[in-house]
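Here is a short note for anyone opening this entry for the first time. Please keep the model in view while reading the points.

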Amino acid sequence: MRLEDIYINGTGNISIQEPLSKNGIFFPIAYNQPHIRCIEPNYKEYFDPIVSRRMSKIIKRAIVSAKQAIAESGIKKPDAIITGTGLGCVEDTEKFLDALIRNEEKFLQPTYFIQSTHNTISSQIAINLSCNGYNNTYIHRGVSFENALMDALLLFKKKEIHSALVTGNDEMTPNYFIILGRIDYWKEEVKNTLEILKQNNSTGSFAGEGSVSLLFSDKKSEKSYAKLVGFDLFYKPTISVEEKIKNFLNECQLQLSDIDVCLTGMNGDKENDTIYSQVLGSLFSADSIGYYKQLCGQYYTASSYGLLSAACCIQKGEMPAHMILSGKTKKEIKHILLYNHFQNKDHSLVLLSAC
Amino acid sequence: MALDIFITGLGIVSGIGVGIEETATSLRHKKSGIGKIKYLNTIHDLPCAEVNLSETQMKQMLGIKECENVNRTALMAMLATREAIAQAKLPLDGTYKLAFINGTTVGGMEKSELYYFDFLANDTRNEYIEGHDCGACTEKIADFFGGFSYVSTPSTACSSAANAFILGANLIETGIVDIAIVGGSECITKFHLNGFKTLLILDSEPCRPFDQTRAGLNLGEGAAFLVLESKKVMDERKAKPLCKLSGYGNACDAFHQTASSPDGQGAYLAMNAAIKMSELQPVDIDYINAHGTGTPNNDESESQAILRVFGNNPPKVSSTKSYTGHTTSASGSIEAVISIIAMQQNFIPANLNFKQQMENIPFTPVLDVIENMNLQHILSNSFGFGGNNTSLVFSKI
């Protein structure tokens with residue numbers, strides 16, 4: 001789908017990198033463990049301590065990162081708030097579930113249940129910003145964020161909205177890390193997260209988590225990071241993804257050679273990364289294939305961090321060497337194609353251009 | 001501009017029946033599905049409206065092997081989707097670009113609540129781990145039929161399925177897909193039964209929506225899916241329209257995570273937006289299929305919102321949750337199908353168990369089935385936790 005006049009005018013993020021900052025993209029912290037939690041900002045600046053104690057981490061992160069995107073963009077009440085989350089509010093879900101099983105359905109308290117549904121994130125942001133506008137939540141595996149983005153883009157296309165806060169939120173609790181570890185999501189040992197691709201001879205990656213908020217507007221401003229030019233999301237394609245990419249660029253009126261970087265969800269997992277290599281091998285060279293999950297870790301909405309990092313790189317005009325497969329800094333960046341797949345079933349394409 | 005989206009197929013499974021025919025019969029004969037819990041293994045003796053089929057029976061009906069890992073939510077969805085596809089005579093062979101959109105919240109919780117401690121301690125239940133994910137449930141249903149190039153899972157608690165209509169309509173109107181199957185599915189789990197119980201919003205008697213003595217909701221379960229398409233595609237493949245989706249409204253109450261605002265601001269905005277998009281006036285609406293859960297808070301708030309939109313003489317109102325229970329994420333599509341059945345068969349479903357007029361509310365819900373009603377436009381409300389409010393307008397062709 002080709003898009004016109006859609007800009008990223010504000011961003012906010014809390015991740016395993018420096019919170020509420022873009023430093024993590026350009027000067028990232030390296031870790032040597034398979035499970036990394038977010039670095040939290042000082043929430044005292046944002047919440048009353050009594051209120052804060054009752055809020056789960058994911059809700060605090062979501063609200064604070066949303067506020068950062070709002071503040072940057074200058075758009076106080078976006079027309080739509082749409083969240084993508086793979087697992088939703090896991091911490092509170094687990095607390096309620098644990099008590100439910102342990103106490104055999106007795107002596108339960110409502111607090112954790114109230115905050116357990118996936119849509120708590122979008123609605124808590126709306127309550128916090130007093131936004132009565134369009135509000136929605138998508139939970140669809142590794143493309144949950146893209147599902148939320150599609151919803152916003154369709155509303156833009158129909159001119160039902162002029163601004164949208166689109167967020168990607170997931171938390172990786174200790175228990176959920178164990179659970180997903182049972183089905184080979186993680187490597188047993190990680191030497192250096194920034195060099196996770198060097199460990200791509202085995203299955204699994206390292207677990208991260210995060211909250212990314214992006215404020216989209218149909219008006220360009222001096223705050224604009226980048227322009228969203230094209231978007232596609234598809235399931236089990238009947239033609240090759242290579243063909244899909246060619247058709248997509250064609251629709252966006254660009255050539256393969258116009259793409260400075262194809263930013264992928266490579267994460268050091270053998271099966272995951274092989275798909276990217278197969279699809280992109282004939283289209284792009286190692287100088288123009290990028291990756292970001294070494295910065296944020298693997299989680300269902302990590303692609304939101306991918307889009308954030310792409311927007312920041314476009315704004316800066318370069319992508320740092322540690323994000324490029326060949327290890328060479330990419331300068332004078334004008335167009336970034338983001339390609340993400342989940343288990344080679346769900347695929348997304350996002351095209352970002354300099355304003 | 002009003003939506004130009006046509007509905008060409010319906011499928012439904014709930015406590016009042018499997019399929020359109022049984023559902024219509026129950027509605028006309030005031031046969032509620034609310035009763036004792038039979039399938040869910042729980043310590044609570046609370047009235048619920050379960051789908052009267054075991055997983056084994058559903059697997060047999062669908063030709064799925066007993067040993068195959070398909071959860072109750074997915075099985076109910078498959079039954080409803082199969083019926084909708086058959087009615088719409090929908091080809092799944094790649095002739096058309098198809099989307100499958102499934103509103104759900106509990107996803108694979110029915111297994112997670114059984115095996116969560118195993119997930120943590122050993123490898124015996126690993127096959128259910130990825131099934132916890134709601135998106136995995138959606139893909140399982142889509143893959144059972146095949147042929148879908150777009151799959152999605154909106155999740156806004158009790159308005160999830162209603163929001164599936166919005167995405168489906170917009171994917172069609174922007175040409176991303178030709179046809180969208182939209183709806184929702186949810187089985188009763190111990191997780192949300194106990195969750196609602198801690199909130200003290202479950203009635204130990206059959207629920208009484210819009211009644212002064214109402215004391216809460218009864219949970220229900222089920223699935224309903226509808227086939228949505230553009231006029232162009234419908235004409236091209238000579239499909240027969242059942243009705244139109246004329247408009248939608250989505251607004252956030254932005255008041256409280258589990259309570260509605262006293263003046264029903266979110267509900268008011270959603271209903272108004274849906275009527276406006278349909279290019280109608282409130283007076284054009286012939287029937288409101290209310291959210292009407294039967295909780296003191298919802299029905300008061302929804303009534304206030306109805307009065308704000310329609311004035312003191314609103315159109316006929318009933319809550320069919322007195323038949324199906326509150327089917328949570330699936331309620332948006334279950335009640336859409338019920339509304340369309342009513343539209344096609346020219347009757348208004350009753351609001352069961354009503355005895356006492358609500359104080360300060362001037363309207364009375366529909367007390368008995370009203371036959372021979374020409375329903376040109378129906379408004380269906382779905383309101384979720386977090387104030388995720390969605391209203392849909394269906395119109396006769």
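**Notes on the fold**

1. Start with a helix on strands. Helix H3 (residues 57–73) of chain A lies across E1, E4 and E5 of chain A. H3 of chain A runs at about 145° to E1(A). Bear in mind that this is a predicted model.

2. Next, the sheet. E1, E4 and E5 of chain A belong to an open sheet of 10 strands. The order is E3-E2-E4-E5-E1-E6-E12-E11-E7-E8 (chain A), with mixed pairing. From one strand to the next, the twist averages 25°.

3. Now the edges. Strand E3 (134–138) and strand E8 (289–291) of chain A each have a single partner strand, so one side of each lacks a neighbour in the sheet.

4. One pairing in detail. Strand E6 (residues 226–235) and strand E12 (residues 346–353) of chain A pair in the antiparallel sense, over 8 bridges. Look for A:Phe234: its bridge partner in E12(A) is A:His347.

5. Then the domains. Chain A splits into domain 1 (7–217) and domain 2 (226–353). Their C-alpha centres lie 21 Å apart.

6. The domains also touch. In chain A, 49 residues of domain 1 are in contact with 37 residues of domain 2. On the domain 1 side, E1 (7–14), H1 (23–26), H7 (144–157), E4 (163–170) and E5 (210–217) of chain A each supply at least two residues. H7(A) gives the largest share, 6 residues. By class, this side of domain 1 of chain A has 22 nonpolar, 22 polar and 5 charged residues.

Key
Residues are numbered from 1 along each chain as its sequence is written. Chains are lettered from A and ligands numbered from 1 in the order in which they are written. This is a predicted model: local features need pLDDT of at least 70, side-chain atom pairs count only at pLDDT 80 or more; totals for chains, interfaces and linings use all residues. Domain bounds come from an automatic or database domain assignment. Two residues are in contact if their C-beta atoms, placed from the backbone, lie within 7 Å. Helices (H or I, at least four residues) and strands (E, at least two) are DSSP runs, numbered from the N terminus. Ala, Val, Leu, Ile, Met, Phe, Trp, Tyr, Cys and Pro count as nonpolar, Asp, Glu, Lys and Arg as charged, and the others, Gly among them, as polar. Two strands pair if DSSP finds at least two bridges between them. Axes are lines fitted to C-alpha atoms, for helices over the stretch in contact, and angles run from 0 to 180 degrees between N-to-C directions.
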